[in-house]
Amino acid sequence: MAIVSKAQTVPVRPHHSLWGDAFIRLRRNYFAMGGLAFILILALMAIFAPLITPYTFAEQHLDQILESPSWQHPMGTDQLGRDTFARLLYGARTSLMVGIFTQFIVLCIGLPIGAISGYAGGRTDNYIMRFVDVMYAFPDILLIILLRSVLGGSIYMIFLAIGLVAWVNIARLVRGQIMSLKSRDFVSAAKTMGGTGNYITWRHLLPNSLGPVIVSVTFNIPRAIFTEAALSYIGIGVKPPTPSWGAMIQDGFNLIFSKPYMLLFPAIALALLMLAFTFLGDGLRDALDPRLRH
Amino acid sequence: MRRKSILLSLLAIVTTASLILTSACTSTPKVEQILTLNLAAENNTIDPNRASWVSERSVIIQVFDGLLAFDEDLALVPMVAKQIPTVANNGISADGTTYTIELRTDVTWSDGQKVTANDFVFSLKRLFDPDLACEYASFYFNIVGGEAYYSAADKTDAEKAALKDAIGVRAVDNYTLEIRLTDALPTFPQLLALWPSYPIRQDMVDAHGEAWAQPDVNGAMPYYITNGPFILTEWVQQDHYTFIRNEHYWGTKPKLDKIIFKEITDANVALAAYQNNELDQCGVPGGTEQTTMDDPVLSPQIVRFASLTTYAFQFNVTKPPFDNKLLRQALACAIDRDAYITNVRHGVGAVALSWIPPGMPGFDATLGQEWTFDVDKAKELLAQAGYPNGEGLPELKFQIANTGANPTIAAFLQEQLKVNLDIDLTVELMESKAYSALYNAREFTWGFTGWGADYPDPDNWLPQLYMTGAGNNKTGYSNPDFDALATQALKELDNTKRLKMWADAQALVVADQPMIYVFNRETFVLSKSWVKNLVTTGMDGNIAGDTFLRNVYIQK
Amino acid sequence: MLRFIVRRTLWLFLVLFVVLLITFVLMHLVPGGPWDREKALAPKVVEALNKRYGLDKPLWEQFVNYIWGVLHGDLGVSYSYSDRTITSILAHGIPKTATLGILAFIFALIVGVPSGVAAALKQNSAIDYSSVLFATIFASVPGFVLGILLMMIFSVVLHWLPTTGWGTFQQLLMPVFCLAALPAAQFARITRASTLEVIRQDYVRTARSKGLPESTIRVRHIFRNSLIPVITVAGPELANLITGSFIIENLFAIPGVGRLFVQGIFARDYTLIMGGILFYAIVIAILNLLVDILYAAIDPRIRYE
């Protein structure tokens with residue numbers, strides 16, 4: 001393949017320089033940097049939420065129900081008189097956690113399975129890929145709902161349910177990467193120098209296939225957050241009083257005709273987060289792909 | 001070039017297809033007497049014997065008339081029966097077990113045939129058909145032989161036939177029906193007003209089997225011969241129902257030419273459709289009541305009325321810590337139901353302090369006053385229960401189905417206990433079926449469930465839920481005094497005495513607080529100003545006024 | 001090629017069997033059965049219902065009976081929809097869901113691919129940013145929010161379009177747009193990335209140095225080759241769209257299958273769940289096969305043995 005022959009001319013360099021180059025390229029991409037900045041600021045605000053807002057996400061002010069935005073409540077209050085801004089900040093914790101932990105689970109399952117399948121090849125690869133085919137044949141949302149019902153109510157089970165469904169793509173991606181890298185010079189070199197299978201996989205193949213994986217994860221984080229919003233709409237989201245952006249959007253959705261801001265604030269927040277991850281993902285892809293250098 | 005032309009032809013196909021679709025389905029301009037409502041659900045069945053859901057009832061009551069019916073005040077009135085059977089008019093035997101019902105001779109089916117006693121006999125026997133597994137059959141197990149036939153699924157055909165013949169329902173003549181009961185059941189006439197007892201045409205069922213109540217491929221209902229004010233002409237599944245006036249109707253013919261039931265499940269979308277004049281009535285999404293009342297355009301269109309439904313936080317009283325009556329009472333005093341109704345629900349609904357809702361025989365406004373919101377009393381009771389200031393209290397878990405406004409009420413309860421008693425409540429929000437399974441198996445600790453009237457009588461409210469071991473007694477409540485009273489009341493033929501017994505029985509239950517009664521539902525809908533004479537009752541389903549659509553007319 | 005197709009088809013049967021088995025196990029692990037209601041049915045009634053639908057038999061026997069039925073083209077009857085057969089429910093709903101899905105797919109391609117190509121050819125220009133931004137904005141709002149916002153504008157305020165229902169062209173517009181938003185954005189981003197990659201390939205440079213007209217290079221070399229990754233994601237995306245979206249169908253009250261399957265899970269309508277998963281798995285398998293065949297057609301480097 002043309003891709004391989006081109007890549008063969010690139011000298012094998014130490015890892016940090018690959019990542020270093022990538023970072024330099026990323027820094028030039030203002031959209032990506034903007035996205036990254038947004039995510040980091042949001043994460044900081046979520047972590048330090050108690051310092052930013054005097055309210056907690058659970059406290060109810062039954063005399064201040066469904067108030068419009070004001071100085072006291074910059075984003076108004078909800079049906080139980082809870083401060084929407086506080087809920088949005090604490091909700092960011094849930095939503096970011098959903099995004100990050102599901103991808104963590106996805107990586108924990110998908111990375112080793114894909115790596116083993118790709119490196120071992122042959123029969124092992126065949127069996128694993130057939131299993132992947134089976135997983136692939138399930139409709140995501142139906143499987144998540146089933147798993148969610150089997151696993152029960154806690155938020156960790158939401159991560160697990162989404163993760164158990166979403167690892168397949170990463171496994172396929174890693175396998176593809178490893179298979180194309182396997183034939184490259186530096187791997188053959190390692191082999192002739194006596195490297196064992198495990199050593200080669202972990203030292204050479206996985207690090208070199210990480211670029212596309214990172215990009216994929218960046219795109220999948222917002223998808224997981226989105227899925228949580230969809231689960232909230234269906235009625236199997238996080239449990240109260242924990243706020244999540246998905247649950248808040250669902251609450252606001254029911255009030256759209258009377259208090260549109262209840263929907264708009266969390267929806268805009270979610271949209272911005274989606275955009276941020278998308279731009280960051282695009283930027284990372286451009287940056288991590290040596291062929292796109294210009 | 002080639003690609004472009006493919007694209008162009010594709011576009012052309014799409015456009016032509018759409019043009020054809022549009023021209024085929026252009027709705028006729030809205031003529032005067034058409035009412036469009038939202039059923040908001042897809043029905044399982046509209047076979048009266050088999051139906052069990054409110055949305056199924058909404059369809060069935062448009063097209064069937066039973067022996068008796070409820071009027072606007074939920075009192076019984078005769079329909080196909082000439083009069084309400086009583087001991088005085090010889091409709092009921094002195095021991096209360098044999099009913100002899102005279103039928104009107106002028107009632108016709110929608111194809112012009114006469115409705116006879118045999119149509120009721122067929123329906124009441126079919127209700128117990130073991131192979132049909134009708135869900136409301138158990139309500140009628142007092143009929144001689146009913147339960148035996150219903151449980152005969154494994155028997156041979158001959159045995160089944162014998163059991164079916166043994167059911168105590170027969171046609172004395174064409175217009176006289178006789179029903180025999182195993183025990184006196186003073187509320188049996190109410191059951192004769194419910195849909196499972198409506199007449200069914202044997203020839204349709206014999207010829208077409210279950211398909212008699214199902215649409216054909218085009219959505220038409222060719223075999224659904226009915227005897228009510230409207231005829232169902234079309235059921236496009238998951239989409240809509242079309243009813244037209246029954247020109248053969250024996251009673252006062254309805255004024256509406258046509259009724260359409262749509263199936264929009266999302267409440268916000270229904271409101272949008274209402275505002276776009278696609279619906280003549282819609283509910284408002286929970287939480288928007290206040291703004292609807294404040295809206296100058298919408299507020300005159302509001303229709304609200306009490307619904308015979310009570311919601312309660314139900315304890316599993318068989319397991320610690322909720323087997324402790326004082327703890328239950330303490331929690332009951334710690335919840336500010338007024339704040340919930342007034343602030344969170346914007347005054348829609350009514351605080352409930354006892355089980356039987358207002359508007360029904362057996363409601364007692366004086367009950368439960370000692371368990372109103374009172375933080376000091378709650379703390380005192382908590383101390384008496386053995387948990388001073390909540391010390392030593394195990395983790396309290398609360399299970400609730402994740403539907404409608406339930407998450408809100410869960411969050412409300414959680415915060416009330418936190419603020420008033422400093423108790424941390426763990427809320428387990430569950431998918432609805434999972435909750436029902438847990439609740440039915442009595443594996444819940446503390447749950448939230450409502451009860452709506454099947455028929456407006458304490459019979460439907462107290463024995464089912466509070467008698468030891470009764471089918472819907474999920475709290476595990478058991479009180480010998482209650483059981484003794486209830487056993488008597490169920491058979492008492494003197495109505496005044498009967499209601500007094502139920503009143504005493506309810507007082508026993510409320511004192512024990514196996515449930516914390518929270519609120520009675522109030523239906524809050526919007527109805528266009530041109531919809532006239534909409535009459536609502538506390539038993540209406542998803543559609544407000546569905547019991548009396550025969551009286552409605554349109555005036556623009 | 002033919003052998004490849006035959007082998008894949010045979011393999012499909014095994015996959016379907018395993019999929020059904022897993023679904024069956026999961027489905028019965030889910031707490032709650034079809035007859036669990038808050039207002040409990042009498043035990044006698046539950047018993048009679050179980051008998052009627054064969055749920056009183058041991059699980060393994062139920063599964064064997066089900067598979068036996070499937071092999072004979074009988075997918076059983078629904079417990080929650082008038083005893084309709086699953087095949088008739090599918091026959092009733094699939095055409096609607098599929099029409100919606102295919103229109104949304106075409107719309108997503110028509111919008112997504114050209115804007116991706118345009119963005120790549122003018123990388124880092126205003127066109128690039130605006131097309132990606134525009135494509136992503138609609139995809140950044142959950143479907144039900146986008147749907148209700150459209151409804152508020154076009155139905156409630158402007159009175160141009162009916163909110164819900166099925167049968168007219170006007171009723172299709174909003175749901176198709178909502179469905180297409182996410183895949184359109186995805187197509188745009190993938191097309192942009194793959195076009196960028198192709199532009200820098202040797203054969204494009206060669207074609208340029210040969211003096212081929214720019215339009216020929218763009219269509220024959222760049223466009224064609226940049227489509228390969230698009231096809232990879234288009235397959236599963238089309239499968240997703242054809243099998244329907246609960247959220248969009250529920251919102252716009254469309255009598256399709258997407259809404260039914262999810263309701264089937266909540267109703268514990270076991271046969272409906274199995275039928276839904278079976279349908280989805282078959283669509284996925286067929287589309288994956290088509291993708292592989294298309295690959296071979298577009299990319300001369302790929303040959304199946």
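Predicted model: local features only at pLDDT ≥ 70, side-chain atom pairs only at ≥ 80, totals over all residues.
A residue is called buried here when its relative accessible area is under 20%, exposed when over 50%, and partly exposed in between, with a 1.4 Å probe and protein chains only. By that rule Asp512(B), at 13% relative accessibility, counts as buried.

Residues are numbered from 1 along each chain as its sequence is written, chains are lettered from A and ligands numbered from 1 in the order in which they are written, and side-chain values use heavy atoms, leaving out hydrogens and water.

**Salt bridges**

Let us stay with Asp512(B). Its side chain meets that of Lys325(B) in a salt bridge (a side-chain nitrogen of Lys or Arg within 4 Å of a carboxyl oxygen of Asp or Glu). Lys325(B) lies in helix H10 (residues 325-333) of chain B and Asp512(B) in helix H17 (residues 495-512) of chain B, so the pair ties together parts that are 187 residues apart in sequence. Helices (H or I, at least four residues) and strands (E, at least two) are DSSP runs, numbered from the N terminus.

Lys500(B) has a relative accessible area of 49% and Asp504(B) one of 32%, which makes each of them partly exposed.

A further pair joins two strands: Glu428(B) lies in E14 (residues 425-430) of chain B and Lys397(B) in E13 (residues 396-401) of chain B, so parts 31 residues apart in sequence are tied together. Glu428(B) is partly exposed at 24%, and so is Lys397(B) at 34%.

| Salt bridge | N to O distance |
|---|---|
| Lys325(B) and Asp512(B) | 3.3 Å |
| Glu428(B) and Lys397(B) | 3.9 Å |

Over all chains, a search of the whole structure finds 32 salt bridges. Shared partners join Asp47(B), Arg50(B), Arg126(B) and Glu210(B) into one network.

Asp494(B) sits in the loop between helix H16 (480-491) and H17 of chain B and is partly exposed, at 33%. Its C-alpha is 8.4 Å from that of Pro186(B), although the two residues are 308 apart in sequence.

**Helix packing in chain A**

Helix H5 (residues 84-120) and helix H12 (residues 260-288) of chain A pack at about 35 degrees, their axes 11 Å apart. Axes are lines fitted to C-alpha atoms, for helices over the stretch in contact, and angles run from 0 to 180 degrees between N-to-C directions. H5(A) contributes Thr84(A), Leu88(A) and Leu96(A) to the contact (heavy atoms within 4.5 Å), and H12(A) contributes Met262(A), Phe265(A), Pro266(A), Ala269(A), Leu273(A) and Phe277(A).

**Where the chains meet**

Finally, 25 residues of chain A are in contact with 26 residues of chain B. About 2,100 Å² is buried between the two chains, with carbon and sulfur atoms giving 59% of it. Buried area is the accessible area (1.4 Å probe) that two parts lose on being put together, summed over both. The count of salt bridges between chain A and chain B is 0.
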